Amino acid sequence: MPSENLRFETLVALKNSPKGKLKYSPDWLEKGEDVLAGCIEVSSLSPLSGQILKRMSPRPLLKTCSLTSCVRDTSPGLSEDAAACGSLPISPRQVSSPSSPPPVSIFTEENEEKKGEEIKEAPVVSPEASVSSTLSISVLSPRATQMAGCILMCEQKHKARAKMELSLRQEQQERLVATVVNRESEQLKRFEEFMELKQRQDHQSMRDMMEKETQESIGRQEKLREEHRHRMKILNLRLREMEQQRLREAELERQRQVEGRERHRAINAIQEEVLQLNQLLQPRPSTDSALDHAPYITRGNQLCSQVSEVVPASADGQFLSVEDLTVAERALQEMRSLVRGLQEEVTQAAERKKREQEEEEEQKKRQAELKAQQEEQKKNAARSTIEKTKKEGLQTGADESTLKWYNALQDSANQCAQASEDLSKARDTQIKKLKMELQKAATTPVSQIANSSGSPLKEAFEKIDKLLSGRPVTSAGKSVSTSQHPQGLEFVSYRLAEKFVKQGEEEVASNHSAAFPIAAVASGIMEMHPKIGDLILAHLHKKCPYAVPHYPPMERGTSVEDYQRILGYRVDDSKVEGQDSFLKRMSGMIRLYAAIIQMRWPYTGKQGPHPHGLSHGWRWLAQILNMEPIADITATILFDFLEVCGNALMKQYRGQFWKVILLIIEEYFPRIEAVTSTGQMGSVTRLKQFLETSLRTKQIPTPKSELGSAFFRS
């Protein structure tokens, strides 16, 4: 028990209190000391008594003992009785007078409940005991009796007060319990409301989350729909582009087939005409049995075989290329020349036979003599005209500056040919294959040049420019570049320049309208790549020296065939081509040259003059007029040059140009007539009509095939 452990401390506190100073002595009665003298004083408790009572055990505080046993008993067993009364001795000061107020209760509220319980548990005092106590008190002195009564009254008051406080405490506890119950019930209601609110909030958050997920799902579905629509749009665009591409390819294929069928019809017509002309080469016993037809028949059969080699390709369902058709046309032209030559020989033989018959008759002899005299007079007149012109100072060849320029161009062309000689004469299979691919990549775009529209022309120019710039180009489905071989650029440059001149020699010769598109691309290449321009001029001068102009003299040690090659004639197997074929080729190259000096490629964007413009045309015209004319050649090239380039020169030089035209009519044209024989007057007549019409109208018409700005926009 905690109170039992605190007994020692309680005794120490009582000992140290003022009341603890009383000393018990068994000799008080013998000595006559008044033991109860201290009862006169007012009894009071120590300030520490409340704390002591708190620490005491909950045993009953009141014990029934008689005052007599404590005070008056002087028997020897007094000490034992006092000890039996308890551990708290009562000093005389603790007993007060009846008039004094009752002592104030020193019990705390904590001990009130214990006090009530002790009162309830206290044994009930019997009447006999109360009587005995009363009797015992009455034995005492009045003072002690009064003190005992006061003590009893104080005890009763304390008991009543304890009961009242206990009831108040019970009511307070009940109210406290009711308040706690109400508060707990309110808290329970709040908790239930809070839980319900929590459930509603969870339900609301769950619903919000579901709505959010629903919205996100709707957004994803909408996004998927939008992506699906976008993909469908892209697919539709691709399908449309594929359809357009298919239509373009179908159109190109249809156009290719149309062109192929046209070439097929052309090759059939050419073969038919060649076979018909070959029949004309056969000998006729009735008329020309003395004439040798063997060379003509042999060459005719060769040409028929050459055309027949081209035809089977078209018969197998394949279309002819432009090169094959060109070869067939060339064979047809040569066949026509053969027939024309044979007919001329037949005519000459008939004339000789007729002349022999006329010689038998005197009248025919006089007519022949007269004719001979007339021819002699014409020769004398021509001779006198030539001598006169020589005296007047006309040249028989080009001047030194022109020849120097001509030789420089030929040297540069020879150097380029030597630089690419290893590639040109390569024996390795791979290098040969590369050479063929480079040559095809260089010549194919030039062969495809036509006056149909500006787009194909621009495409051909871009292919050539890309190849000369060292960039890879696609040819026949393969990528090829000049950088694949150290001599690739020189080889391509030489072959390209040669191809341009060949186009003038063949394509322009047979189709005059092809001069301007070829000249447009050539002038653009000359402007972007000046080295190619020099090579084009070198090849042109070599095949057509009249484009310099230059009439090469025959040097010692030069054979007739070599000299004819120098003049521009074709010599195959010691056989020189006919004059008509020669003039036609020269005409094509002069027309190409005249178109080049006045055309300029519109897409280069370069500023400055044309690299080989109208000033060179004016120089060529002045140089040709300072040289002695050559029969049939001068009239042909002068007419072709003025017909192509005359309008541009007229706009550039105006009055000076008309002075030159007047000079040609008045002074130079008679020289041309003087050196031209009777059978060669066709070109002279064309030139005369052209000059007279131009001078009369003061206008030279624009060439029909000239390319305008609208052509390049197409």
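**Cavity lining, helix packing and selected residues**

By class, three nonpolar, three polar and one charged residues make up the lining of the second largest cavity. In this classification Ala, Val, Leu, Ile, Met, Phe, Trp, Tyr, Cys and Pro count as nonpolar, Asp, Glu, Lys and Arg as charged, and the others, Gly among them, as polar. The model is predicted, so local features need pLDDT of at least 70 and side-chain atom pairs count only at pLDDT 80 or more, while totals for chains, interfaces and linings use all residues. Residues are numbered from 1 along each chain as its sequence is written, and side-chain values use heavy atoms, with hydrogens and water left out.

The lining of the second largest cavity consists of Gln410, Ala413, Asn414, Tyr494, Ala538, His539 and Lys542. At least two of the lining residues come from α13 (400-419), and at least two from α19 (530-543). The space in the second largest cavity is about 50 Å³. In the whole structure, three cavities of 30 Å³ or more are found. A cavity is a set of points on a 1 Å grid over the protein atoms alone where a 1.4 Å probe fits but cannot get out, and lining residues have an atom within 4 Å of a point. Grid points are joined across faces, edges and corners, and the volume is the space filled by probe spheres set on the points.

The protein as a whole contains 26 helices and four strands. These elements are DSSP runs numbered from the N terminus (helices, H or I, at least four residues; strands, E, at least two). Of its 714 residues, 33% count as buried. Buried means under 20% relative accessible area, exposed over 50%, and partly exposed in between (1.4 Å probe, protein chains only). Among contacts between residues at least 6 apart in sequence, 77% join residues at least 24 apart; contact means heavy atoms within 4.5 Å.

Helix α16 (residues 454-468) packs with helix α17 (residues 488-510) at an angle of about 150 degrees, and their axes are 10 Å apart. This angle makes α16 roughly antiparallel to α17, a term for angles over 145 degrees, with under 35 being roughly parallel, 65 to 115 roughly perpendicular and the rest oblique. Axes are lines fitted to C-alpha atoms, for helices over the stretch in contact, and angles run from 0 to 180 degrees between N-to-C directions. On the α16 side, Ile464, Leu467 and Leu468 take part, and they meet Leu489, Val492, Ser493, Leu496 and Phe500 of α17. By class, this contact of α16 with α17 has seven nonpolar residues, one polar residue and no charged residues.

Most peptide bonds are trans. Val548 and Pro549, however, are joined by a cis peptide bond, with omega about 0 degrees. Pro549 is placed in the loop between α19 and α20. The loop between α19 and α20 (560-566) also holds His550, a buried residue with a relative accessible area of 9%. Leaving aside neighbours within four places in sequence, His550 is in contact with Ala398, Leu403, Tyr406, Pro545 and Met627. Thr402, in helix α13, counts as buried at 4% relative accessibility.

His610 lies in the loop between α21 (579-596) and α22 (614-625) and is buried, with a relative accessible area of 17%. Apart from neighbours within four places in sequence, the contacts of His610 are Ser523, Ile596, Met599 and Arg600. From C-alpha to C-alpha, His610 and Ile597 are 7.9 Å apart in space, and they are 13 residues apart in sequence. Glu329 belongs to helix α11 (residues 322-359) and is partly exposed, with a relative accessible area of 33%.

Most residues other than glycine have a negative phi. Arg654 has a positive phi, near 50 degrees, and is found in the loop between α23 (633-653) and α24 (655-675). At 61% relative accessibility, Arg654 counts as exposed. Lys698 also has a positive phi, near 55 degrees, and lies in the loop between α25 (681-697) and α26 (709-713). Lys698 counts as partly exposed, at 48% relative accessibility.

Conventions:
1 Å grid on protein atoms, 1.4 Å probe; cavity = no way out; pocket = protein on both sides within 12 Å on 5 of 7 lines; lining within 4 Å.
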